[in-house]
Amino acid sequence: QVQLIESGGGLVQAGGSLRVSCAASGRTISSHAMGWFRQAPGKKRVFVAAIDWSDSNTLYADSVKGRFTISRDNAKNTVYLQMNSLKPEDTAVYYCAAPRTAPITIALMTELAYDYWGQGTQVTVSS
């Protein structure tokens, strides 16, 4: 059974940085795509970033492009989301996700591509 456990969320001031992590068990992430989504209060869960299985392609939502970076450490079986220049509108619960198969890269921007989800970690950005 694949389990994804996020950590690293917290409270940060606007303009600050935070790194959230997603540790995977039950699967080696090195040959699989991974993604990050977020859900703000009262809103739908939306795509944030993804990295394909080969690490050759990364995708970002327009709202975070240039500020967030997705990466992975295969030795630790962990995926990271480095968040810089944080804004109050980045406040949300952040979820990592993994697909069971190997969807095409563009599909990684949609929830339907993912089969496994973590429980989420809260990120709050104060103004």
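Buried means under 20% relative accessible area, exposed over 50%, and partly exposed in between, with a 1.4 Å probe and protein chains only. This is a predicted model: local features need pLDDT of at least 70, side-chain atom pairs count only at pLDDT 80 or more, and totals for chains, interfaces and linings use all residues. Residues are numbered from 1 along each chain as its sequence is written, and side-chain values use heavy atoms, with hydrogens and water left out.

**View 1. A nonpolar patch on the surface includes Ile 104.** Ile 104 is exposed, at a relative accessible area of 62%. This residue sits in the loop between β9 (92–98) and β10 (116–117). Strands (E, at least two residues) and helices (H or I, at least four) are DSSP runs, numbered from the N terminus. Ile 106 and Met 109 complete the patch, and the three together have about 300 Å² of accessible area. Such areas come from the Shrake-Rupley method with a 1.4 Å probe; for residues, only the protein chains shown count as cover. Patches are made of residues with over 30% relative accessible area and no salt bridge; like charges are joined within 9 Å, nonpolar side chains (Val, Leu, Ile, Met, Phe, Trp, Tyr) within 5 Å. A salt bridge is a side-chain nitrogen of Lys or Arg within 4 Å of a carboxyl oxygen of Asp or Glu.

**View 2. The largest nonpolar core has 38 residues.** A nonpolar core is a set of buried Ala, Val, Leu, Ile, Met, Phe, Trp, Tyr and Cys residues joined through side-chain atoms within 4.5 Å. Leu 4, Trp 36, Leu 81, Met 83 and Tyr 94 have the most contacts inside this core. Strands that each supply at least two of its residues include β3 (18–25), β4 (34–39), β9 and β11 (121–126). Met 83 touches Tyr 94, and also residues including Leu 18, Val 20, Phe 68 and Val 123, with neighbours up to four places away in sequence not counted. Contact means heavy atoms within 4.5 Å.

**View 3. Strand β9 is largely enclosed by the rest of the structure, because seven of its seven residues are buried.** β4 and β9 pair in the antiparallel sense over five bridges. Two strands pair if DSSP finds at least two bridges between them. Gly 35 faces Ala 97 of β9. β9 also pairs with β11, antiparallel, over three bridges. There, Tyr 94 has Thr 121 as its bridge partner. Two bridges join β9 to β10, again antiparallel. Ala 98 stands opposite Tyr 116 in β10.

**View 4. β7 and β8 form a hairpin with four residues between them.** Six bridges join these antiparallel strands. Asp 73 stands opposite Thr 78 in β8. Side chains alternate along β7: Phe 68, Ile 70 and Arg 72 point to one face and are buried. In the turn, Asn 77 has a positive phi of about 55 degrees, although Asn 77 is not a glycine. Asn 77 is buried, at 15% relative accessible area.

**View 5. Val 2 lies in the segment before β1 (3–7).** Val 2 counts as buried, at 13% relative accessibility. Val 2 and Thr 28 are 26 residues apart in sequence and 9.4 Å apart in space, C-alpha to C-alpha.
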